[in-house]
Amino acid sequence: MRSGPSWTWGYRHVDTTEFYDNERGVGAALADADVDREGVFLTTKVWRTNLHRGDVRPAVEGSLDRLGVDYVDLLPAHWPHPRVPAAETLDAMTGLRREGLVRHVGVSNFTRSQLAEALSVAGVPIVTNHVLYNPFVDRSDLRAYCAANDVALTAYSPLATGEVVENAVLQRIGRRHGKTAAQVASGGWSSRRASWPSRAR
Ligand SMILES: NC(=O)c1ccc[n+]([C@@H]2O[C@H](COP(=O)([O-])OP(=O)(O)OC[C@H]3O[C@@H](n4cnc5c(N)ncnc54)[C@H](OP(=O)(O)O)[C@@H]3O)[C@@H](O)[C@H]2O)c1
């Protein structure tokens, strides 16, 4: 059985979305990996054009089919849609969670007020808000709101798509501690600011 470098290095969180059009490839890599399904935390997301009540189920069933799995561990709404009430989307996701097709429900790219609306109507915990987060963007308000509401803020582009690596200030801090700029940003800066909801422990 083949096992690519990512699995060999111990990566166990796979994060994809219907929008990236790569779920078949991800599914093939999962099937090929020397890792049990239960040993992987698999996330896929519902794109913003599929957030209406009647569109969520077919979108998720399509993702499961392309991924070749019976369930995903986390299903965030990929991007809020201004004309689709959060209640509609979350209600549909809750139904899928009840049936075991989805273990946890989340959101992505939600502002504080959009998250507040989602929390006020959700019948299940919203376990994460997945947002752009790195030393060059100020997310202190959203971060505090997530922490206060037991929602994990998870970062995408934590290295600012590579910009962090070239940053002179982060490089200087790293030199002082025998670390790279990327390690300062991910291991130091982000982790110390991470919110750890009680249910994530
Ligand atoms: N939820 C959403 O709406 C959303 C939106 C945007 C992105 N995302 C997710 O975020 C993921 C990451 O985005 P990103 O590429 O901007 O992430 P990133 O972690 O900020 O940047 C990774 C880039 O940094 C480079 N890099 C240079 N030195 C590195 C080092 N020491 N360690 C690690 N990387 C280093 C990598 O180069 P190499 O290519 O050479 O490895 C890569 O191009 C995407 O794949 C996507 O799934 C989610």
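Is W47 buried or exposed? With 17% relative accessibility, W47 counts as buried, because buried means under 20% relative accessible area, exposed over 50% and partly exposed in between, using a 1.4 Å probe on protein chains only.

Before you click on, note that this is a predicted model: local features need pLDDT of at least 70, side-chain atom pairs count only at pLDDT 80 or more, and totals for chains, interfaces and linings use all residues. Residues are numbered from 1 along each chain as its sequence is written, and side-chain values use heavy atoms, with hydrogens and water left out.

Next, select F19 along with W47. Phe, Tyr and Trp rings (the six-membered one for Trp) pair if their centres lie within 6.5 Å; planes under 30 degrees apart count as stacked, over 60 as edge-to-face and the rest as tilted. F19 and W47 are a stacked pair, 3.8 Å centre to centre with 15° between the planes. F19 is in the loop between β1 and α2 and W47 in the loop between β2 (41–43) and α3 (53–67), so the pair ties together parts 28 residues apart in sequence. Helices (H or I, at least four residues) and strands (E, at least two) are DSSP runs, numbered from the N terminus. F19, at 46% relative accessibility, counts as partly exposed.

W47 and W79 make an edge-to-face pair: 6.5 Å centre to centre, 65° between the planes. W79 counts as partly exposed, at 35% relative accessibility. Ring pairs link F19, W47 and W79 into a cluster.
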